Amino acid sequence: MTSPATPAVEFRAVTRHFGSVRAVDGVDLTIAEGAFFAMLGPSGSGKTTCLRLISGFEKPTSGQIRIFGQDVSDVPPNRRNVNTVFQDYALFPHMSVRDNVAYGLMVKGVDRKTRLDRAEEMLSLVKLPGYGDRKPGQLSGGQRQRVALARALVNEPRVLLLDEPLGALDLKLREAMQDELKALQKRLGITFVFVTHDQHEALSMADSLAVFSDGKIAQIGTPEEVYARPQSRFVADFVGSSNVLPPDLTRALGGPARWSSLRPEQVRIADQGQGRGIVTSIRYLGAGSRVALRIGEAEVAALVPAGQTVPEQGAEVAIAFDPAALHVMEG
Ligand code: ATP
């Protein structure tokens with residue numbers, strides 16, 4: 001047994017090189033047991049490689065990985081108590097949904113009756129009772145996604161790895177599945193490690209997230225911390241839709257001569273304020289409008305909520321914000 005304080009997953013100075021490519025470059029990471037942890041970052045930043053290092057399909061070039069306190073350097077994938085749900089679901093097309101879900105138990109030699117009962121339980125858990133006889137090809141994308149989830153969960157992993165599991169779904173279904181996945185994770189208490197390049201998905205689902213850039217972790221923290229207090233221009237740019245302001249503009253707007261970030265939803269269009277600029281573009285977003293202003297050399301966007309007056313393109317207006325909203329960055 002492990003104590004409750006033992007993290008589910010730990011990376012200590014982990015690197016994974018492919019020839020001259022540093023896919024993962026000195027990553028330190030601690031994922032608490034029971035967490036919903038997201039790995040967020042642009043394409044090629046090393047997220048999937050990190051996931052494969054946890055599952056054991058990939059080995060570190062250097063550094064150490066522990067799962068529930070155990071160094072897993074010499075532990076093969078099938079002995080790690082970890083399962084993966086892939087973006088393409090990797091279901092067997094010729095097998096029924098029931099047999100797909102029961103597959104992991106068959107491999108383990110569990111008797112037929114027990115494994116079919118367990119498969120049925122898992123199908124109920126993912127809200128697909130009665131779908132056992134169908135083939136994967138007879139299901140919608142969202143239903144296939146749930147079968148993939150049931151197939152991983154039947155093995156009772158302590159850590160579930162999800163590699164862009166909602167990537168193939170349309171927006172509406174994706175949002176519904178985000179809520180379902182989150183609720184399921186809380187109910188089961190299993191540690192989820194979730195890879196995505198969608199910042200909204202990471203912010204809305206994760207308890208804690210790591211932002212990847214070029215094989216390194218640019219920032220790690222709760223969604224609130226990463227969103228409201230980005231440590232670098234990269235994080236401010238990548239997470240959400242922040243204004244990233246150069247030192248001279250930060251200074252002109254009342255801050256120190258440093259790079260800063262200012263969220264569009266914290267900027268108001270006013271008659272008077274900290275700065276003035278010309279409206280260069282207006283984008284209607286449904287719940288409001290994003291109004292971009294040119295102030296000196298920089299562009300600053302404000303989010304005007306629906307129902308409030310939107311200035312005209314070319315108009316000269318002022319921007320106002322709570323000085324505390326100007327977040328000064330380290331890098
Ligand atoms: P995506 O969001 O596109 O899946 P990612 O953040 O998951 O990207 P990785 O798949 O981890 O990124 O890849 C990180 C880097 O390592 C990329 O430059 C990729 O080309 C490289 N890479 C990954 N796997 C291999 C491999 N088997 N051989 C060579 N290079 C690889």
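Me: What is the order of the 3 strands in the open sheet, and is their pairing parallel or antiparallel?

Reply: Good place to start! In this predicted model, the open sheet has the strand order 11-12-18, and the pairing is antiparallel.

Me: What makes strand 11 and strand 18 edge strands?

Reply: Strand 11 (243-245) and strand 18 (327-328) each pair on one side only.

Me: How do you know that strand 11 and strand 12 pair?

Reply: Two strands pair if there are at least two bridges between them. Strand 11 and strand 12 (residues 260-262) are joined by 3 bridges, so they meet that cut-off, and they run antiparallel. For one spot to look at, find Asn243, which stands opposite Leu262 in strand 12. As background, strands of a sheet pair through backbone hydrogen bonds.

Me: Why is Ala13 called exposed?

Reply: Let's set the count against the cut-off. Ala13 has 12 other C-beta atoms within 10 Å, so Ala13 counts as exposed. You will find Ala13 in strand 1 (residues 9-18).

Me: What is the phi of Ala13 near, and is the value positive or negative?

Reply: Phi of Ala13 is near 50°, a positive value, and Ala13 is not a glycine. Most residues other than glycine have a negative phi.

Me: Why is Asn81 called partly exposed?

Reply: Partly exposed sits between the two cut-offs: 12 or fewer neighbours is exposed, and 20 or more is buried. Asn81 has 16 C-beta neighbours inside 10 Å, which means that Asn81 counts as partly exposed. Asn81 also has a positive phi, of about 60°, although it is not a glycine. Asn81 belongs to the loop between strand 5 (70-71) and strand 6.

Me: What makes strand 7 mostly covered?

Reply: In strand 7 (residues 159-163), 5 of its 5 residues are buried. Each of these residues therefore has 20 or more other C-beta atoms within 10 Å. Both faces are covered, with Val159, Leu161 and Asp163 buried on one side and Leu160 and Leu162 buried on the other.

Me: What surrounds the ligand?

Reply: The surrounding residues include Phe18, Ser43, Lys47 and His197. Strand 2 (21-31) and helix 1 (47-55) are the elements that give two or more residues to this shell. Helix 1 gives the most, with 3 residues. The shell divides into 3 nonpolar, 8 polar and 1 charged.

Me: What does the UniProt annotation say about residues 9-239?

Reply: The unreviewed UniProt entry annotates residues 9-239 as "domain: ABC transporter". Over residues 9-239 the chain is 36% helix and 26% strand.

How values were computed. Residues are numbered from 1 along each chain as its sequence is written. This is a predicted model: local features need pLDDT of at least 70, side-chain atom pairs count only at pLDDT 80 or more; totals for chains, interfaces and linings use all residues. A residue is near a molecule or strand if its C-beta atom, placed from the backbone, lies within 6 Å of it. Helices (H or I, at least four residues) and strands (E, at least two) are DSSP runs, numbered from the N terminus. Ala, Val, Leu, Ile, Met, Phe, Trp, Tyr, Cys and Pro count as nonpolar, Asp, Glu, Lys and Arg as charged, and the others, Gly among them, as polar. UniProt positions are given in the numbering used here, feature names are shortened, and annotations may be inferred rather than shown by experiment.
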